[in-house]
Amino acid sequence: MKVQTKILHSIPADELTGAISTPIYQTSTFVQEAPGMHRGYDYSRTNNPTRAALEKLIAELEGGSRGFAFASGLAAIDAVVKLLAAGDEILAVDDIYGGAFRLFTHVYQKFGIGVRYTDTTDVTKVAAAITPKTKLIWIETPTNPTLKISDIRAIANIAKTQGILLCVDNTFASPAAQKPLDLGADIVVHSATKYLAGHSDVIAGIVVTKTDELDDQIKFIQNASGAILGPFDSWLAIRGIETLPLRIAQHSKNAQAIAEFLQTQDLVKNVYYPGLPDHHNHAIAQQQQQYFGGVVSFDLKVDETGVATQLVKSTRYFQLAESLGGVKSLICLPSEMTHKSIPAAIRRRAGVTDSLVRLSVGLEDAEDLVRDLEKALRIATGRLTVAAR
Ligand SMILES: *Cc1c(COP(=O)(O)O)cnc(C)c1O
């Protein structure tokens, strides 16, 4: 069965009523026939039929054994960190999502879980950064916002030989483009807020595992800590996932056109997109991804927030907002928005200059999007000459 068919037929029609759309079981508890005798559901933190449908769907999509839905991507990440104990260390990609950086550095270090950051695009650096305390390697690929690519299979091999877990944040690629578990990763997490749900209308997170041991551990943590996704939000995520492969194909097609356009522009210095042949790890992206995704970043020849600010304020279809992965295009300035909580020195080392602009390319017509950027670049260039005077 091909992926689009699998998605539409993974969840059967409702047994009780035949409803073809998974019902929203908006209930906290379930009536029992006798103490402890129930139909698999006793309390909605532990298990809920709508959430269970989503969890089964995403486990199948990622090729795992179990899926778990959380109240946000960060709640999902938090659940994975809880597999560790004081004295353990995380080895994480240096260009990590800002919220994950904040959680690892400012919440978990005080509980005795250490973290080191390294450039995981270079496998030798990963091997060199491992210590006897390393229990979890954490990568995102492509990363946010500079779209760096790490070789999942090569890192999984290193992790395996040393008995370390590998978790891949698959938010940017989505399972329609990349399946980390098939490449050897142990755990996949998602901010389902982005491509999985896909319509900028819900905050949600996902963990997928593939061994009995990890299935049981994450299930225990999900129930014990309780940051579960509610029934209505689970329904929204299911509805989004139904069109995931179609959306990813079109997001990627639009993004490729925009990346190629940006490369021709005078004001633009670097364009970051894994689908460009001169991307530093284009060959690996081609190997492990079926699509290159909908996020494109670029910086300007003048590293001034003033000019970049003018640019991000001058688009019409690219609306100025954080987040990504929705049907409507968004534009943002990471140094002032998503990545503000990361210290400037660390941020710049990871390539996030003050003029770096991130686009979440939506499903509008590609020509309209290109024209929109063309106009904004022209306005920003005008601002540049004024500043130079
Ligand atoms: C948005 C995002 C998260 C956090 O997810 P929330 O749903 O906002 O909590 C984690 N990782 C990546 C790569 C993200 O883009």
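## A walk through the predicted chain

Residues 24 or more positions apart account for 72% of the contacts in the chain with a separation of 6 or more, where contact means heavy atoms within 4.5 Å. Keep in mind that this is a predicted model, in which local features need pLDDT of at least 70 and side-chain atom pairs count only at pLDDT 80 or more, while totals for chains, interfaces and linings use all residues. Residues are numbered from 1 along each chain as its sequence is written, and side-chain values use heavy atoms, with hydrogens and water left out.

Let us begin with confidence. The pLDDT, which is the predictor's confidence in each residue on a scale from 0 to 100, averages 95 over the chain, and 98% of the residues score at least 70. Confidence is highest in strand E1 (residues 66-70), at a mean of 99, and lowest in helix H12 (residues 344-349), at 83. Helices (H or I, at least four residues) and strands (E, at least two) are DSSP runs, numbered from the N terminus, and the chain has 13 helices and 12 strands.

Now for the overall form. For 389 residues, a compact globule would have a radius of gyration near 21 Å, and the chain agrees with its 21 Å; this radius is taken over C-alpha atoms, and the globule rule is 2.2 Å times the number of residues to the power 0.38. Along the principal axes, the C-alpha atoms fill a box of roughly 80 × 50 × 35 Å. Of the 389 residues, 56% are buried. Buried means under 20% relative accessible area, exposed means over 50%, and partly exposed lies in between (1.4 Å probe, protein chains only).

In helix H3 (residues 73-81), 8 of the 9 residues are buried, so the helix is largely enclosed by the rest of the structure. Among the buried residues of H3 are Gly 73, Ile 77, Asp 78 and Val 81. Helix H8 (residues 231-241) is mostly covered too, with 8 of its 11 residues buried, including Pro 231, Trp 235, Leu 236 and Ile 241. The cover over the buried residues of H8 includes helix H1 (3-9), helix H2 (49-62) and helix H9 (244-263).

The loop between strand E4 (134-140) and helix H6 (152-161) deserves a stop; Ser 150 lies here. Ser 150 is buried, with a relative accessible area of 0%. Leaving aside neighbours within four places in sequence, Ser 150 is in contact with Thr 120, Thr 121, Ile 139, Thr 141, Ile 155, Ile 284 and Gln 288. One of these partners, Thr 141, is joined to Pro 142 by a cis peptide bond with omega about -5°. Another cis peptide bond, with omega about 5°, joins Asn 144 and Pro 145.

Finally, consider the backbone at two serines. Most residues other than glycine have a negative phi, and most peptide bonds are trans. Ser 174, in the loop between strand E5 (165-169) and strand E6 (187-191), has a positive phi near 70°. Ser 323, in the loop between strand E10 (319-320) and strand E11 (330-332), has a positive phi near 85°. Is each of these serines buried or partly exposed? Ser 174 counts as buried at 0% relative accessibility, whereas Ser 323, at 26%, counts as partly exposed.
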